[in-house]
Amino acid sequence: MATEANKKEKALGVKEVILALQDWVKYFTSKWYILLIAGFVGAGAGILYAKFTKPVFTATTTFVLESGEKAAGGLGQYAGVAAMVGIDLGGGSGGIFQGDNLLELYKSRKMLEAALLTPLKSDSSKLLIDRYLDVSEMKKDWKSKKPVLMEIDFRKNNQVGLQRDRDSILQKIIKDINKGSLSVAKPSSKLSIIKVDVKSEDEIFAKEFNEALVNEVNAFYLATKTKKSLNNIEILQHKTDSVRAVMYGSISTAAAVIDATPNLNPTRQVQRIVPSQRSQFSAETNKAILGQLVQNLEMSKMALMKEAPLIQTVDTPVYPLEKKKVGLIKAPVIGAFLFGLLAIIWFTIKRLYTSVIAN
């Protein structure tokens, strides 16, 4: 008996659901003309959107990054002598640009600002930031709201009375670029390939800004990675030149002493032997130091060659750039669907509200 009762309850429950669905279908069918109008309005809105929306161009650069090798352990035998003259031959590999640090460098204010202040290749009289302002039509707002901003020259820094506004504009543009225009990522975590995308409604700006940003970041990356080794080489070169000059001076002094006493009195040997011996001793000492310094210098140059990273460009942006725009077929279909869906949601909420008030 209990089983039959349960079956009857389930049957009643299914019947109620079916009846409720039929009721809703009948309700929406009665509103067909409004739903049809909503669909036509949505299709019209989609056509207008596709017609007046500007296409978005994407400039893409991909390159392979290979970090420099760690300094070899063979430098250890020279490290002691180098330390005596205040030189660090290195041997460690800094992780300053390991992981996602390089990707974040592309989004930094310093790099983006340097790229924006790069002259246009197509018009050297203007900067990339001037092209951006023309495309974004920001200058039109300046004319009506704050005409003094039209006097800003981004080629000049520390403009009297305008520096704060200049920096504020740069910060806003950099924020907008980071938010919607710039994308930097690794297609695969297992690969050393980095992909840089720049999107813009202006094809020229997208391409030239992409190239300028990649050049700025890669140059900064190379300079930073090799800065320590270059400093060591400069110091070693200076030490080597100094010791060599002292050694040459000692040799010249010894020869000059001999030339100054051609007919030396045998009872006055001190006039030649003492200065000559001192100069020879100084020359021999500096010769030994010079040999070690030359070895250290050459080893430092080899270490620099190993530490210097390899950046090989794979693909660069070329005209015509990839263009994305909503088509005149796709846009009205999406518009009709969205407006129809909104109309259905509106009628659903209205009926539920009326039902709750009636009960």
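**Group meeting: a helix pair, a strand and one isoleucine**

Hi everyone, let's start with a contact between two helices: from α2 come Ile34, Leu35, Ala38, Gly39, Val41, Gly42, Ala43, Ala45, Gly46, Ile47 and Ala50, and they meet Ala331, Pro332, Gly335, Ala336, Phe339, Gly340, Ala343, Ile344 and Phe347 of α11. Sorted by type, the residues of this contact are 15 nonpolar, five polar and no charged. Please keep in mind that this is a predicted model.

How are the two helices arranged? Helix α2 spans residues 32-52 and helix α11 residues 330-358; their axes are 6 Å apart, and the packing angle is about 140 degrees. Roughly antiparallel would need an angle over 145 degrees, so α2 and α11 count as oblique to each other. Their crossing is right-handed.

Now over to strand β2, residues 182-185, where the side chains alternate. For leucine 182, the bridge partner in β3 is valine 198.

My last stop is isoleucine 204, which sits in helix α9, residues 203-260. Its relative accessibility is 25%, so isoleucine 204 counts as partly exposed. What does isoleucine 204 touch, leaving out residues up to four places away in sequence? The answer is Ser122, Arg131 and Tyr319. As for serine 122, it is 82 residues from isoleucine 204 along the chain, with 8.3 Å between their C-alpha atoms. Thanks, everyone!

Terms used. Residues numbered from 1 in each chain as written. Predicted model: local features only at pLDDT ≥ 70, side-chain atom pairs only at ≥ 80, totals over all residues. Heavy atoms only, no water. Axes fitted to C-alpha atoms, helices over the stretch in contact; angles between N-to-C directions. Helix = DSSP H or I, 4+ residues; strand = E, 2+ residues; numbered from the N terminus. Parallel < 35°, antiparallel > 145°, perpendicular 65-115°, else oblique. Left-handed = near helix turned anticlockwise from the far one by under 90°. Contact = heavy atoms within 4.5 Å. Nonpolar A, V, L, I, M, F, W, Y, C, P; charged D, E, K, R; others polar. Buried < 20%, exposed > 50% of the residue type's maximum accessible area, 1.4 Å probe, protein only. Pairing = 2+ DSSP bridges.
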